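Subject: Structure handover

Dear colleague,

I am passing on the structure we spoke about, and I would be grateful if you could look it over before reading my notes.

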Amino acid sequence: MNTDFLTDLRAHARAYADLLRPTALDRDRNPDLAVSSPGCGLPWRTFAGLPAEYNPEPLRVDGRPVLLHSCVERVVVLEELARVDAGAVLALPGPSMSSSVIGDLADDDQRQRFWERITAEPTWTFFAMTEPTHGSDPSGMRTTVRRDGDGFLLNGTKRYIGNAARSRIGIVFARRGAGPLGMVAVLVDTDLPGFTAAPLSTRGVRALQLSELRMAEVPVTEDDILGRHRSATRQGMWAATRTFNRYRPVVSCLALGVAQAAYDLVVTERRGYRVAERHLLTDWEQRLTGTRALVLAAARSADANPGDGTLAAAAKLRATRLAEEITTTAVRLLGPGARWEHPILDKLLRDARAFEFMEGTGNVQRLTLAEGYLQRRLPDVRAA
Amino acid sequence: MTVTVSTPAAATDLARYHTLACTTGVVTALGVLQAETSPGIVPVGPGGHTLLPAAVYAASDRYTTPQGPRPQPYGQKVLDRIVTADGELIAWRVPGGGPDPDTGAAWTAGIAWIRLGLTTRLLEQAAEHLRGRTIAGVVTLHLPMVRGILADAAAGIAEARALLDTDACGTDLHRVHRALDESGRSCLHLFGAAGFLTDGPGGDLHVSELLAETYPPPTDMEAS
Ligand SMILES: Cc1cc2nc3c(=O)[nH]c(=O)nc-3n(C[C@H](O)[C@H](O)[C@H](O)COP(=O)(O)OP(=O)(O)OC[C@H]3O[C@@H](n4cnc5c(N)ncnc54)[C@H](O)[C@@H]3O)c2cc1C
């Protein structure tokens, strides 16, 4: 994908992003609006990353359809949308992170079931890994799927799961045996007996509506186990890792969009700077450019090899820190009581703090990046 | 706008607000600070905002302005209501309000001590939270990288305390606030997603940040 095309793609996305603007604060106050108005003003099918046969109205840029299947396309488009409302991007109906797991693990029947289910009408999905006692440590996972006659029973609690309380289908990671290979991905319909989901109230990205899932003897069948036709090493943990590698650049682009929005707001609202403030703005401008280049490089790397998350970890570290720093300092630059005088800045600051945790905390990214560096997976290290 | 900086009470007196915020809560600490520095008068920040317990408004008939206290007007706009563990805080916009030349410095120093108390409490809670969690069988609090974040947070608190113990006032208080901001964000990182919940431990940090934004110390130009 050449630079001209990406520039045009960005311009298209920017025009669409304006559709989110009038309702961004309303959604922040009332996350249910993301459901009563699916897509939050955007044509949701266009931005959901659906397969071509389910997407009659794809974005068209320079005469060609853009299906948002590649990580590169996603980070360019979603950064522009996040510049207006990161919560809305995360609250779009559609496959979200589940599509990666479906792509890697589902057989033909499961694929058809998933896509038909979520494209008939606006449908949210979830990706449930985190548990109340274990977030960064999937090896401590307690949710189990155990054999019961011809089928299985699913038991456990998942916490901080985006969109789950409004979803009708999603993926639950559960333990079927010991060790990393014992983890499987289960495709779960939320109307099954024993399955409940309740929203949690969060400080930021409120439209995403994090939720807690409880599963008590939920009956599932062999048909619900993703990867059943795959080898023992190509199961839940393998697919989850590839999903994180593909979506960390996406989380990074959302953080970048929020950082850029806070910078834009300061430039628009502030009149007259001291010398030190001018230097600060120049520094931000340069860091935004540097981080954007890193996010794009991470997206290219994820497209080329989703098995490697080294650059994705670097991008997420940088983008997350930048979003936190710019939003926090912007509050000071806009004067006393800035969060009340500029409610959108208050929202940006709260949203910016989500990214530290999504798809692995900063420390988890540091560990991944250090390991990748030592394994000589970064481009400059390979060349040396 | 010109704010005359009067000498605030000594650090040994003000340290009580830290203890109150840390042990009882922000509403109690603000109530005592107001009763002792500005009785009967609503303290207003330099942007014309307040963030105070309801009882403080009820017990006051005047508000601070750079020209001295004025009778409290009616119909101030409520900007925010924040529920904390020891009561509710209400934010108002008070047109024409601002720090009082006589009591402003004592109030601003007290706010810094209260923030120190809130941040101290936050870090203690974060350590406690991680003492009860494990990563691959190891207590999360014992992981070296986690200790690194904890140490950064503790260093910020120690710097703020050291500055406040020197009776920091005026522009030195800015550094106190920045050190506490950094420590607060480190604490948030330590909590994981639990700190991102509305009713989670992030509440103390939210209030602490809003206090700094509502009642910032005077800038270089104002203080001179
Ligand atoms: C907005 C948002 C959306 C989310 N969406 C989803 C979702 O859709 N699906 C889902 O499954 N989860 C989701 N999560 C949860 C997220 O993945 C977890 O919060 C994250 O993995 C961290 O887990 P934790 O919160 O339990 O923190 P913990 O794992 O308890 O971490 C606490 C602290 O320990 C540190 N730490 C942990 N492990 C290590 C280590 N090995 N070395 C050094 N330091 C370490 C962390 O950096 C942190 O500072 C979401 C969270 C948020 C905030």
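Predicted model: local features only at pLDDT ≥ 70, side-chain atom pairs only at ≥ 80, totals over all residues.

Residues are numbered from 1 along each chain as its sequence is written, chains are lettered from A and ligands numbered from 1 in the order in which they are written, and side-chain values use heavy atoms, with hydrogens and water left out.

The ligand is surrounded by 30 residues, the closest being Phe127(A), Thr130(A), Ser136(A), Thr361(A) and Ala193(B), where a residue counts if one of its heavy atoms lies within 4 Å of the ligand. Because the surrounding residues come from chains A and B, the site is shared between chains. Among the polar contacts (pairs of N or O atoms within 3.5 Å), a polar side-chain atom of Ser136(A) lies 2.6 Å from a ligand oxygen atom, and an N or O atom in the side chain of Thr130(A) is 2.7 Å from a ligand nitrogen atom. Taken alone the ligand exposes 980 Å², of which the protein buries 92% (Shrake-Rupley method, 1.4 Å probe).

As for helix H12 (residues 343–352) of chain A, eight of its 10 residues are buried, that is, under 20% relative accessible area with a 1.4 Å probe and protein chains only; helices here are DSSP runs of H or I with at least four residues. The buried residues include Leu345(A), Asp346(A) and Arg350(A).

Best regards

Methods:
Buried < 20%, exposed > 50% of the residue type's maximum accessible area, 1.4 Å probe, protein only. Helix = DSSP H or I, 4+ residues; strand = E, 2+ residues; numbered from the N terminus. Polar contact = N/O pair within 3.5 Å; in protein donor to acceptor, adjacent residues only side chain to side chain.
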